[in-house]
Amino acid sequence: MFFKRKVKMPKNYLIDDLKFLTDEAKEAFRVLEITDTSQLIGKEADNFYLDYCVESGDVADRVILYEMRTAVYFANTPKP
């Protein structure tokens with residue numbers, strides 16, 4: 001007997017509930033009007049970082065970029 005495995009995507013989490021993000025990264029997502037992980041699926045974290053730099057009018061700390069990459073990975077990985 002052969003059964004298809006269901007692809008399990010992570011549940012839809014609010015950005016504020018992600019414990020691995022700092023307050024600065026959460027604020028960056030708020031500025032970009034991203035409130036939950038479903039908005040990160042299929043996206044590139046580098047683009048979020050560049051948009052945030054444009055919105056804030058200054059070059060943001062690179063740690064925010066790394067945290068955005070982590071959040072995008074979390075949203076796109078079935079079992080992170």
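Predicted model: local features only at pLDDT ≥ 70, side-chain atom pairs only at ≥ 80, totals over all residues.
Q: Let's start with the fold. How many helices and how many strands does the chain have?
A: The secondary structure comes to three helices and zero strands. Going along the sequence, the pattern reads α-α-α. Helix α1 covers residues 23-31 and helix α2 residues 45-56, while helix α3 runs over residues 62-76.

Q: What share of the residues counts as buried, and what does the surface look like?
A: Of the 80 residues in the chain, 35% count as buried. The accessible surface comes to about 6100 Å², and 54% of that belongs to carbon and sulfur atoms.

Q: And the contacts: what percentage join residues at least 24 apart?
A: You take the contacts between residues at least 6 apart in sequence, and 51% of those join residues at least 24 apart.

Q: Now the salt bridges. What's the general idea, before we get to cases?
A: Side chains of opposite charge can pair when their charged atoms come close. In this model, a search of the whole structure finds three salt bridges.

Q: Which residues does Arg30 pair with?
A: One partner is Asp16, with the side chains meeting at 3.0 Å, N to O. That pair links distant parts of the chain: Arg30 sits in helix α1, Asp16 in the segment before α1, and they are 14 residues apart. The other partner is Glu27, where the closest N and O atoms are 2.6 Å apart. Here both residues lie in helix α1, three residues apart, or about one turn of the helix. Put together, Asp16, Glu27 and Arg30 are linked in a network of salt bridges.

Q: Where does the salt bridge between Arg69 and Asp46 sit?
A: The closest N and O atoms of Arg69 and Asp46 are 3.1 Å apart.

Q: On to the rings. How do I read an aromatic pair, and how many are there?
A: Look at the distance between ring centres, then the angle between the planes; over 60 degrees counts as edge-to-face. The count comes to three aromatic pairs. One of them is Phe29 with Phe48, which is edge-to-face at 6.4 Å centre to centre and 70° between the planes. Phe29 belongs to helix α1 and Phe48 to helix α2, 19 residues apart, so to speak a link between distant parts of the chain.

Q: Are Phe29 and Phe48 buried or exposed?
A: Both Phe29 and Phe48 are buried.

Q: Which residues form an aromatic cluster?
A: Tyr13, Phe20 and Phe74 form one aromatic cluster.

Key:
Residues numbered from 1 in each chain as written. Heavy atoms only, no water. Phe/Tyr/Trp six-rings, centres within 6.5 Å; stacked < 30°, edge-to-face > 60°. Helix = DSSP H or I, 4+ residues; strand = E, 2+ residues; numbered from the N terminus. Buried < 20%, exposed > 50% of the residue type's maximum accessible area, 1.4 Å probe, protein only. Contact = heavy atoms within 4.5 Å. Areas by Shrake-Rupley, 256 points an atom, 1.4 Å probe, with all protein chains shown as cover. Salt bridge = Lys/Arg side-chain N within 4 Å of Asp/Glu carboxyl O.
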